[in-house]
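Grab a pencil and open the viewer. Here are a few exercises to work through, each with a solution that goes step by step.

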Amino acid sequence: MGYTHYFERKGADAPVDPSIWGRFVELALRVVGHETVRGVALAVTTGPDYLSLNGVEDEEHEDLFLRRERGAWSFCKTAEKPYDRAVVTVLALAERTLPGFSWSSDGGAEAIAQARAWADLVDPK
């Protein structure tokens, strides 16, 4: 079993504008930097149309995989391992950056509020 976060991007049929996607990836990589400083090892892969994030070795569970194109509903189980903070912060940044993106969490409103606060540290409003 795993602690799970659910997400999707509705709306426009076209992929996210490359400049918006690039800004999102830049912010996500800031999260990776912050978490690395905290001692959390992360495996991150990016390409022109995707971002993948997971823990490393014993701290990995499922990849968070986000695409530039509009996507169907998806999820990421983290089992509340240390990389979970990076996952929810990236989801909160996606919510504020990518048109039509929404997410929810098994952690409920409290976990989402905390993730949004962490996102504010990475990308102050």
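**Exercise 1.** Work out which order the three strands of the open sheet have, and which of them are edge strands.

*Solution.* Keep in mind that you're looking at a predicted model.
- Step 1: Read across the open sheet, and you get β5-β1-β6, paired antiparallel.
- Step 2: Look for strands that pair on one side only: those are β5 (74-77) and β6 (101-105), so they are the edge strands.
- Step 3: Check the twist, which averages 20° from one strand to the next.

As background, strands of a sheet pair through backbone hydrogen bonds, and they can do it parallel or antiparallel.

**Exercise 2.** Zoom in on β1 and β6: find how many bridges join them, and which residue is the bridge partner of F7. Then find what helix α2 touches.

*Solution.*
- Step 1: Follow β1 (residues 4-9) along β6; the two run antiparallel, and five bridges join them.
- Step 2: Start from F7 and cross over to β6, where its bridge partner is W103.
- Step 3: Now bring in α2 (residues 84-97), which packs on the sheet and touches β1, β5 and β6. The direction of α2 makes about 145° with that of β6.

**Exercise 3.** Locate E57 and A79, and decide whether each one is buried, partly exposed or exposed.

*Solution.* Most residues other than glycine have a negative phi. These two go the other way.
- Step 1: E57 isn't a glycine, yet its phi is positive, about 55°. You'll find E57 in the loop between β3 (50-55) and β4 (64-67).
- Step 2: The relative accessible area of E57 is 65%. The cut-off for exposed is over 50%, so E57 is exposed.
- Step 3: A79 also has a positive phi, near 55°, without being a glycine. A79 belongs to the loop between β5 and α2.
- Step 4: With 30% relative accessibility, A79 counts as partly exposed.

**Exercise 4.** Find which residues touch the most other members of the largest nonpolar core, and which element gives the most to this core.

*Solution.* In soluble globular proteins, nonpolar side chains tend to be buried together.
- Step 1: The largest nonpolar core has 32 residues, and F24, L53, L64, L66, V90 and W103 touch the most other members.
- Step 2: Sort the suppliers: α1 (18-37), β3, β4, α2, β6 and α3 (108-122) each bring at least two residues.
- Step 3: Pick the top giver, which is α2 with eight residues.
- Step 4: Click on F24 and skip its neighbours within four places in sequence; its contacts are then L66, V90, L93, A94, T97 and L98.

Technical notes. Residues numbered from 1 in each chain as written. Predicted model: local features only at pLDDT ≥ 70, side-chain atom pairs only at ≥ 80, totals over all residues. Heavy atoms only, no water. Helix = DSSP H or I, 4+ residues; strand = E, 2+ residues; numbered from the N terminus. Axes fitted to C-alpha atoms, helices over the stretch in contact; angles between N-to-C directions. Contact = heavy atoms within 4.5 Å. Buried < 20%, exposed > 50% of the residue type's maximum accessible area, 1.4 Å probe, protein only. Core = buried A, V, L, I, M, F, W, Y, C linked by side-chain atoms within 4.5 Å.
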